[in-house]
Amino acid sequence: MKTALITGITGQDGSYLAEYLLSLGYRVVGMHRRSSTLNFERIAHIQDDLVLEPGDLLDEASLIAVLRRYEPDEVYNLAAQSFVQTSFGQPVLTGETTALGVTRLLDAVRTVRPDARFYQASTSEMFGKVAETPQRETTPFHPRSPYGVAKVYGHWITVNYRESYGMHASSGILFNHESPRRGLEFVTRKVTFHVARIAHGLAHELRLGNLDAQRDWGFAGDYVRAMWLMLQQPAADDYVVATGETHSVRELCERAFAVVGLDWERYVRVDERFMRPAEVDLLVGDATRARRRLGWSPSVTFDELVSMMVEADMDLVARQVK
Ligand code: NAP
Ligand code: GDD
């Protein structure tokens with residue numbers, strides 16, 4: 001039986017990846033950081049099948065201890081301070097976790113378990129002010145936030161450990177991916193949750209920032225399959241994972257309100273508080289390499305994704321008001 005270590009197990013992707021690896025017969029060890037209140041909501045349904053171990057990307061000793069104890073065959077580094085807006089207010093913490101955290105983990109793997117295969121959660125935010133459209137593995141990076149800058153560091157240190165020490169370290173350049181388990185602060189979930197609250201008469205407006213931003217939004221359940229496929233290849237590499245379609249925040253609103261028969265323009269208000277000091281205007285990925293080499297393709301369309309999220313939030317809010 002293979003063992004996989006997932007950092008960021010309590011996050012959106014951690015929960016989907018854990019489900020997927022369990023279905024493949026892996027022993028799944030999930031690293032979680034200490035908090036005063038447990039936050040296992042996303043993994044509650046599989047908690048008994050997981051090994052949960054405390055640890056923190058800020059603390060290398062904890063990483064070494066987890067690796068020594070469980071000797072994983074595969075390590076998926078999903079942990080990060082992942083919210084772009086927060087990275088402007090907490091740039092140093094973001095750098096410590098999202099940038100240097102990658103080095104701490106890579107170096108712990110190199111020391112304790114050098115043959116383990118390593119996955120780094122890189123991001124389309126690295127393309128930032130895009131140099132070409134669509135973006136692919138060879139597109140130059142121009143990050144537009146402390147988060148994006150930290151992820152560029154994490155990306156290159158992964159490439160560097162691969163080249164310096166021959167580690168099987170791959171980097172998935174994933175475009176935005178969403179689900180009913182997405183954090184409420186990200187725009188898709190913020191919209192679908194507010195649509196459900198408005199539909200239930202619990203709210204009357206939705207305040208958003210830049211409605212013109214365009215993103216390539218896919219379904220998280222599809223994207224974790226690509227992570228696993230990367231680690232099954234004979235050689236490590238970098239892969240863009242994306243749907244190849246882009247939609248604006250405005251279109252997202254239009255579609256989400258339409259699912260419950262409402263006109264978005266009656267409820268959405270633009271609020272300066274949600275604008276960013278520097279914006280990423282347009283992302284759309286070219287996943288040809290992932291399609292050809294990994295045989296990966298997305299299974300959920302934008303419309304299906306938005307409907308799935310609105311319906312899940314309608315159920316959630318209905319349960320909350322009962
Ligand atoms: P998420 O829901 O925000 O989850 C982040 C995870 O990291 C949480 O489990 C969090 O723990 C953990 N974490 C934060 N700081 C930590 C620390 N110092 N030590 C250990 N764990 C820590 O993010 P996600 O959407 O699942 O994304 C997973 C990864 O993919 C992230 O690295 C993200 O930057 C990257 N990514 C995401 C997307 C996307 O569209 N979702 C696209 C490209 C790349 P708590 O629960 O305790 O906060
Ligand atoms: N969060 C948020 N809240 N975003 C808003 C709002 C709002 O009220 N109004 C407009 N937006 C715009 C943002 O300015 C951005 O252009 C877009 O909606 C998407 O914002 P987020 O959903 O917060 O995601 P992100 O694209 O900044 O970052 C996500 O995707 C990256 C991959 O490209 C995160 O998951 C990152 O961790 C990930 O790397």
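## Helix α6

Helix α6 covers residues 187-199, 13 residues in total. From first C-alpha to last it reaches 18 Å, close to the 18 Å expected at 1.5 Å a residue; the expected span is 1.5 Å times one less than the number of residues. Helices (H or I, at least four residues) and strands (E, at least two) are DSSP runs, numbered from the N terminus.

The model is predicted: local features need pLDDT of at least 70, side-chain atom pairs count only at pLDDT 80 or more, and totals for chains, interfaces and linings use all residues. Residues are numbered from 1 along each chain as its sequence is written, and side-chain values use heavy atoms, without hydrogens and water.

## What α6 packs against

Buried residues of α6 include Arg189, Lys190, Phe193 and Ile198. Buried means under 20% relative accessible area, exposed over 50%, partly exposed in between (1.4 Å probe, protein chains only). The buried residues of α6 pack against β7 (177-178), β8 (206-208), α8 (249-259) and α10 (302-321); contact means heavy atoms within 4.5 Å. Just after α6, glycine 201 takes a positive phi of about 75 degrees.

## Strand β6

Six of the six residues of β6 (residues 169-174) are buried, so the strand is largely enclosed by the rest of the structure. Ala169, Ser171 and Ile173 point one way; Ser170, Gly172 and Leu174 point the other.

## Neighbours of β6

Strand β5 (residues 117-123) runs parallel to β6, joined by six bridges. Strands pair if DSSP finds at least two bridges between them. Serine 122 stands opposite isoleucine 173.

Strand β11 (residues 238-241) also runs parallel to β6, through four bridges. Here glycine 172 stands opposite tyrosine 239.

How values were computed:
Chains lettered and ligands numbered in written order.
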